[in-house]
Amino acid sequence: AVEREQYRPLIHFTPQKAWMNDPNGMVYLNGTYHLFYQYYPDSTVWGPMHWGHATSKDLLHWEHQPVALYPDSLGYIFSGSAVVDAANTSGFGKDGKAPLVAVFTQHDPKGEKQGKTDFQNQSIAFSFDAGKTWTKYAGNPVLKNPGIKDFRDPKVSWNDDVKKWIMTLATKDRITFYSSPDLKSWTKESEFGANVGAHGGVWECPDLFPLNYEGKKHWVLLVNLNPGGPNGGSATQYFVGSFDGHAFKPYQTDTRWADYGPDEYAGVTWSNTGDRKIFLGWMSNWQYAQVVPTKTWRSAMTIPRDIRLEKVGDKYFLASKPVDELSAIAEKPLVFQNVDANDKRIANMKLSGAARLDLNAAKAESFSITLLNDKGQKVVIGYDKVSNQYYIDRTASGKVSFEKSFAAKHLARRLSTKDELNLTLVIDVASVELFADNGLTVMTEIFFPDEDYSHVNLQSTGSFALTSLSYAKLKAGR
Ligand code: FRU
């Protein structure tokens, strides 16, 4: 047996070697999920960006593919998206074959050095072999920079109301929408966000898509932000509203987060998945991503998540849950039912590798779940009734000194107003993802214990009535 590298996740995507950040160009094509990603193959820190590539049938078992896009004279290949141009609007189609078209930012490091403001431009490329090889369009860039330093991360989708492609672009402190009939010529439609949402940093990696709630269509605008996240550093905020093919109007302007933990960033969704919307984020934070103690590679992606709208009162919120495909890799669960406890340990379970825990309680009372090893290193996940907050505390999780903000307890408000509480944890070797109240509150957190955690304890703080708990080992995804 091959010895497992320290901190290499079992069920989360990582590059075989070297540096990775944002997921890019995610598209579902002929039964295969494609994941491209920001990749620098020559180092374990950020550098000249390429698009790495991996494919999967189930979103969990990934096959590594050759690097898809290389930097060229127009610059590095930054984040972007991919669409299936089924109607051949671009005219790139060949012998009746529809092209896969990638839309991405080219970042010119020379222009940046010279202090120019127009060094980020949007380019396109097309592929006929499912993203293995690409031809860059000779007319690149297709959308030129009007003098905005941060002008990047195009997310493109077909809009059936106006019968045009819509590009959602991050432009410094706002989103700018563009439209195009052919993916080659782009017209500015509108701007959104100068005075709404969180602005602690630059707006990056947006996404715009419709979601139905009880048969009615609403639009979700994801906007990644760095820094200025709810628990420091980079994070994903979102707005729910309407989009008429020209402009986005939010229903509310308060700040919402797709994930309150420190370690989900640049999260966007797969294109071409029909009514299903699947979200994936980079499982790190720009505050420390380049100094985390992994040796041959840096960073993993989150578990893919099915997202939908939920209503709390009269407001719409985004809710996430791990994709259903995860149940296929779960072993037979350990089940506890109807335990009333007062200030005591309710369950002590063995952990080796990856696991999933699902808990239900009739009333939202304080409790904690601790992942720990024999060295006393631990991550504590829980709910505090008094402050009505979920938390993840990695202060004593193991290696923490590589960056000053890493050792911390992170908080997230409980959004649900229901009496009953439920929670799902997806645990891997170096991460935990918390989905509370059917995914209304989500937190993602990474950690680096000196020895893998070997136990999971459930503890009540005060009185706690457990309705049910199910705990299952997850089989390695590779
Ligand atoms: C977000 C980001 C994007 C950019 C890419 C560069 O993490 O900064 O805005 O396109 O990473 O790697």
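**Entry 1: ligand site**

I started at the ligand and looked up Trp46: an N or O atom in the Trp46 side chain is 2.9 Å from an oxygen atom of the ligand. I note here that the model is predicted.

I then checked Arg152, which has a polar side-chain atom 2.7 Å from an oxygen atom of the ligand. For Trp286 I read 2.8 Å between a polar side-chain atom and an oxygen atom of the ligand.

Next I listed what surrounds the ligand. Trp46, Arg152 and Trp286 are in the list, and so are Asn21, Asp22, Gln38, Met49, Phe78, Ser79, Asp153, Glu204 and Tyr265.

**Entry 2: Asn285**

I moved to Asn285, which sits in the loop between β19 (278-282) and β20 (297-298). Is Asn285 buried or exposed? I call Asn285 buried because its relative accessible area is 0%, and the cut-off for buried is under 20%.

I asked what the Asn285 side chain reaches. I found the backbone oxygen of Pro262, at 2.9 Å. Leaving out neighbours within four places in sequence, I listed the contacts of Asn285 as Gly232, Gly233, Ser234, Pro262 and Asp263.

**Entry 3: nonpolar cores**

I looked up the largest nonpolar core and noted 71 residues. Leu357, Leu359 and Leu423 have the most contacts inside this core. Strand β14 (residues 216-226) gives the core its largest share, six residues.

I also found a second, separate core of 28 residues, with Met49, Ala54, Trp62 and Ala266 among them. Met49 had already come up in Entry 1 as one of the residues surrounding the ligand.

**Entry 4: a six-stranded sheet**

I traced an open sheet of six strands and wrote its order as β24-β33-β26-β27-β28-β29, with antiparallel pairing. Which strands are at the edges? I found β24 (345-350) and β29 (409-413), each pairing on one side only. With direction ignored, neighbouring strands of this sheet are turned by 15° against each other on average.

β26 (residues 367-372) and β27 (residues 378-384) pair in the antiparallel sense, and I noted six bridges. On this pair I marked Thr370, which stands opposite Val380 in β27.

Methods:
Residues are numbered from 1 along each chain as its sequence is written. This is a predicted model: local features need pLDDT of at least 70, side-chain atom pairs count only at pLDDT 80 or more; totals for chains, interfaces and linings use all residues. Side-chain values use heavy atoms; hydrogens and water are left out. Two strands pair if DSSP finds at least two bridges between them. Helices (H or I, at least four residues) and strands (E, at least two) are DSSP runs, numbered from the N terminus. Axes are lines fitted to C-alpha atoms, for helices over the stretch in contact, and angles run from 0 to 180 degrees between N-to-C directions. A nonpolar core is a set of buried Ala, Val, Leu, Ile, Met, Phe, Trp, Tyr and Cys residues joined through side-chain atoms within 4.5 Å. Buried means under 20% relative accessible area, exposed over 50%, partly exposed in between (1.4 Å probe, protein chains only). A residue is near a molecule or strand if one of its heavy atoms lies within 4 Å of it. A polar contact is a pair of N or O atoms within 3.5 Å; within protein, one must be able to donate a hydrogen and the other to accept it, and residues adjacent in sequence count only if both atoms are side-chain atoms. Contact means heavy atoms within 4.5 Å.
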